[in-house]
Protein chains: 4
Amino acid sequence: MIRFESDYSEGCIPEILKALEKSNMEQTPGYGMDFHCENARDLIRKACQAPKADVQFLVGGTQTNITVIASILKPYQGAICPESGHINVHETGALEATGHKCLNLPSKDGKISAKQVEKAILLQKNDASFEHIVQPGLVYISFPTETGLLYSKKELMDLYKVCKKYHIYLFVDGARMGYGLASKKNDLTLRDFAKYSDVFYIGGTKVGALFGEAVVIPNKELQTNFRYHIKQRGGMLAKGRLLGIQFEELFKQNRYFKISKKAAACAELLAKALEDKGYEFAYEPQTNQLFPIMSNKKIKELRKNFAFHTFGSIDKNHSIVRFVTSFLTEKEQVKKLIKEL
Amino acid sequence: MIRFESDYSEGCIPEILKALEKSNMEQTPGYGMDFHCENARDLIRKACQAPKADVQFLVGGTQTNITVIASILKPYQGAICPESGHINVHETGALEATGHKCLNLPSKDGKISAKQVEKAILLQKNDASFEHIVQPGLVYISFPTETGLLYSKKELMDLYKVCKKYHIYLFVDGARMGYGLASKKNDLTLRDFAKYSDVFYIGGTKVGALFGEAVVIPNKELQTNFRYHIKQRGGMLAKGRLLGIQFEELFKQNRYFKISKKAAACAELLAKALEDKGYEFAYEPQTNQLFPIMSNKKIKELRKNFAFHTFGSIDKNHSIVRFVTSFLTEKEQVKKLIKEL
Amino acid sequence: MIRFESDYSEGCIPEILKALEKSNMEQTPGYGMDFHCENARDLIRKACQAPKADVQFLVGGTQTNITVIASILKPYQGAICPESGHINVHETGALEATGHKCLNLPSKDGKISAKQVEKAILLQKNDASFEHIVQPGLVYISFPTETGLLYSKKELMDLYKVCKKYHIYLFVDGARMGYGLASKKNDLTLRDFAKYSDVFYIGGTKVGALFGEAVVIPNKELQTNFRYHIKQRGGMLAKGRLLGIQFEELFKQNRYFKISKKAAACAELLAKALEDKGYEFAYEPQTNQLFPIMSNKKIKELRKNFAFHTFGSIDKNHSIVRFVTSFLTEKEQVKKLIKEL
Amino acid sequence: MIRFESDYSEGCIPEILKALEKSNMEQTPGYGMDFHCENARDLIRKACQAPKADVQFLVGGTQTNITVIASILKPYQGAICPESGHINVHETGALEATGHKCLNLPSKDGKISAKQVEKAILLQKNDASFEHIVQPGLVYISFPTETGLLYSKKELMDLYKVCKKYHIYLFVDGARMGYGLASKKNDLTLRDFAKYSDVFYIGGTKVGALFGEAVVIPNKELQTNFRYHIKQRGGMLAKGRLLGIQFEELFKQNRYFKISKKAAACAELLAKALEDKGYEFAYEPQTNQLFPIMSNKKIKELRKNFAFHTFGSIDKNHSIVRFVTSFLTEKEQVKKLIKEL
């Protein structure tokens, strides 16, 4: 069985295992106050060309999303997000459990535009009953989206601009940041995210690490006392250095980008093959997640040797399939799949 | 610098590193649904002689405490705990952030008694304004306590009995469970906790693992839908198998107990030396945390070569010191400390 | 200026003022434990033919909604509601502030069907990632809806049936219950609500009282400790008797129904006139809220002498108007409006 | 049966009933945006000599406390309060339900001092684990306290000073404000509260109104968007004018002070008689709540004709009694009680 189910089916890059072994007997202070974390922070600040950004490490995505968002919003504010946003759909109401509403905008492809955001802000602001309506306090987007799509630099800048215009914040969920940056269709850099967002995170769990997400906070206002929030939401790892060590390895020698490129190459290979064989896609193939439409018969057949998810049906006989490549996917595995397509 | 600051200063037992390496390229389902987790669950159920208990893995202590407690309490209920309880003092209000009050009982040594609990329950129950007062919904204790002390089997059974009498739950925070079980002064077993509590957890972070806590739920009522709570509180690790792998290694060949014994032996050695040299203790030495009282001059002196915390002052010239041994502490390290006492 | 803005523009029925005066010097216990509340409870139980129902009084609608819903749901559960539901749109995220998500179903007219509800339940239940998705825990509907529409007895029974099938609860927001019951198009009674819902409330604020909502809880499971929830959510009035006194007056001599009939008659008169004059309606006129479509020019003209709200535009030149009649609206006032239509 | 149980046993001052009747058919906008509310705001601002203060009306005390406190605190902050504080003891965890911890200070008489507050602030601030400990974000005191005691002007100023020194807020719960101001032992004025606190409220429920509390916010920072919080916590009354009308009547012609004086006079009469008869007091008699110590035999005897509460026992044979006078208490009633003492 070869798994194209997700980008968290395996462990991590071998360099991380080596670093864990090497550091195992070191004695360090806890809670992310050790030199590995400091070093990783510096490496990330450099990669983002954001020397004044705060960088904090958390364990997983849902935890990171609620910690960041709940640290920003006032009680009567909510988070604008695409209706397919992870916070809205796949976090068991974790955000609501911190007291905040998801303000969903319709979105066919998982993206939202500056125009939509402005409209939503004005709708609340100009309503006679504005005090009875949740006030938008930030915009949440994912890069890439749940559907594997990218925002362009122009789109990001426009979103940031509209946020600044109305004094709200822009937060980018980068659980799969590496795969976004590595895409041939991408024109954004970490530096751009540090310039055109208030806070974002660089996903480790799905891109090379065993676990861990690096929250980058360029906006000074949001840096103060952020670590209290981490502790309160249960995200402060006692042996915080484990996160430092992993992000040190990921950001040494440009590794984060190299391993993402590898996954991107596998995805491109597979996308090309699917196109060549005439498959249509539910969403344009842009990153490591591909969404071809397949007959249920074919799906059944493929499932003998491959693990993958389906995402709803197109008609009685066809469904949307999701194939995901990861930093550990080998070309050989992709070729085996292509052979059976 | 030798560190006696905490039992989370280092990494993990070497067997875990090996297992992570060995399993690294395995492809498994996420979120704790893999065979390593299943296997670890079985090992733990066996160790507890509780074949019907549910076992779930979380990453850290604060997360585990709030996930368990918020899964049990009704909105108008609170958690009875000693005033020094970790949930009350050192979790940045994580429990309150889930909507629940800590109902603190006075405690000189970090322990609370069945009698105290019953009194607190009756006080609310019999008050004319009972509906205006938070209702006790569970009892939270730590084994060992923050002060390194143990509950006896009798004390645990009494607490459980009073909980059952009033239809509330007993939850045991076992962040340092191993060190409690390994103490010469202990008469409790994992089986006892499975019999005389509704839910407890076996700490990994401080006892051999890189991170991870194993929640054991003997009470069937509390098993239903517990995983929803884990996800909502941000505690469901994508690569859940990392937790499974670690607890597999910890519970193979009685390892959890062996490594705890090692830390206990180091602590006993140190406690003996301290006693011999005439130091008094703020709390009786029972586990891997020792609280001798030292002159501030001595403390300053020791700090040149040793890292440790102090816990408040006794008088102008004396403070309470905390020395902690761990599963990775070597006798040689302890001997170096003894030499300088 | 004559106001058709809302059904809470004026005070209350005169009988309530008289009763307040008469009872003013009485000394009674607080918090709803007095004989006026007891008497009002009995009158309401009789009106509902539900001798075993619990009846509790709260001050306002938002408070009632969150108190009821938060008392029912488990932390990982949400409330299914139409997207136009008051809890979703006009309560400043009060429900989310208690930790729960609104699970919105699309609805053109403010109503949702048993079929939609079942589909939503199954979608979550059958999803491979069900633990990552908020679980529906209750269904929230309004009778009449925000758009002035009614559920038929058949529709209510179907909703209740699907709720029971999946072991979730049905809660009916009856802020305007009287106007629903009084409609010529209605086939439901209070007894039906007591039979085919788990909990509902009978609005006083908009139907005759100065303030106050009577929560009726036919389902025994939901009765236990409900008063703790009222207190916790800030809804337990010190001089609770004020609510008892008001509902006593409202439910004496069938008054609640009589005053609602009066508002209904005014609405019918106005609806007839609007129809006669060729106005179309955004929603079918069924209760005391009418939603004719008018030219912006006409709207401007009418605003000289009448106060009312608009609800979005149909096209550049036309908007949806809302005219609301109340228990204190006089036919003369309606006739003045008709004259200027 | 004459009731000295509480100051909310009866209705309201007759002027309020008259005003409700007079205004009953007026049509006004809802939610506190009417001219009665505006007028009441002005009267209160004048009484406080605080022309720039915001004034908002809520229905009850618990609601007011949580709305104010949750509007001020950041998620990781708590409210310093005396351990006997209403928010800590008698609100069913309403504050915790908004996510915040009560940071209790020991207090024998219900008061806390600036010195205690500073110590608590520094303890958290200077702790090595400060990020793991709830940060004090405001100080909550009651004037008068639950035990009927007053803060002096000096004490209030000191508390305010220490709050400003550490950039936290001072909130005064004035549920019984009138009775505090009316005491012979008081040296504070409403103007002082407007100068030496950030936000406070003037209780109506217990001092002349049917219900209602007037929140006065001198601190500009805390004024912004406060009404969103009111709505979210369920405290925005649809017919908001009911609150405006009541506070208009209370603050016309110095009435709030006059009616409080009347209650004070009754309390003084009773206190004098108790002293003369040799009763000791659990707390010094300062306001409308008296706490004499009585034999259980005497208590039983008195209960034939009088209703009152007891507050714990002193020894086997003696308990603390609470007698409360109110704005409607008549001297005759007090004299009847005195006769039986």
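Two strands are taken as paired if DSSP finds at least two bridges between them. Helices (H or I, at least four residues) and strands (E, at least two) are DSSP runs, numbered from the N terminus. Within this pair, B:F171 stands opposite B:V199 of β7(B). The model is a predicted one, in which local features need pLDDT of at least 70, side-chain atom pairs count only at pLDDT 80 or more, and totals for chains, interfaces and linings use all residues. Residues are numbered from 1 along each chain as its sequence is written, while chains are lettered from A and ligands numbered from 1 in the order in which they are written.

The β6–β7 pair of chain B belongs to an open sheet of seven strands with mixed pairing, in the order β2-β8-β7-β6-β5-β3-β4. At its edges are β2 (54–58) and β4 (102–105) of chain B, each pairing on one side only. Neighbouring strands of the sheet are turned against each other by 25° on average, direction ignored. Helices of chain B also lie across these strands. Helix α5 (residues 114–125) of chain B lies across β3 (77–82), β4 and β5 (135–142), at about 160° to β5(B). For such angles, axes are lines fitted to C-alpha atoms, for helices over the stretch in contact, and the values run from 0 to 180 degrees between N-to-C directions.

Five of the five residues of β8(C) are buried, so the strand is largely enclosed by the rest of the structure. A residue is buried here if 20 or more other C-beta atoms, placed from the backbone, lie within 10 Å of its own. In a regular strand the side chains alternate between the two faces of the sheet. From β8(C), C:E213, C:V215 and C:I217 point one way, and C:A214 and C:V216 the other. Strand β2 (residues 54–58) of chain C pairs with β8(C) in the antiparallel sense over five bridges, and C:V55 has C:V216 as its bridge partner. Strand β7 (residues 199–203) of chain C is also antiparallel to β8(C), with four bridges; here C:I202 stands opposite C:A214.

Turning to how the chains meet, chain B is superposed on chain A by a rotation of 180° with 0.0 Å of shift along its axis (RMSD 0.0 Å). That is the relation of a two-fold axis. The superposition is by least squares on the C-alpha atoms of residues with pLDDT of at least 70 in both copies. Of the interface residues of chain B, 100% are also interface residues in chain A, so the copies meet through the same surface. The contact takes 40 residues from chain B and 40 residues from chain A, two residues being in contact if their C-beta atoms, placed from the backbone, lie within 7 Å. On the side of chain B that touches chain A, two or more residues come from each of α1 (14–23), α3 (61–72) and α9 (226–232) of chain B. The largest share, four residues, is given by α1(B). Chain B has a further contact, in which 18 of its residues meet 18 residues of chain D.

How values were computed:
Buried ≥ 20, exposed ≤ 12 C-beta atoms within 10 Å, placed from the backbone.
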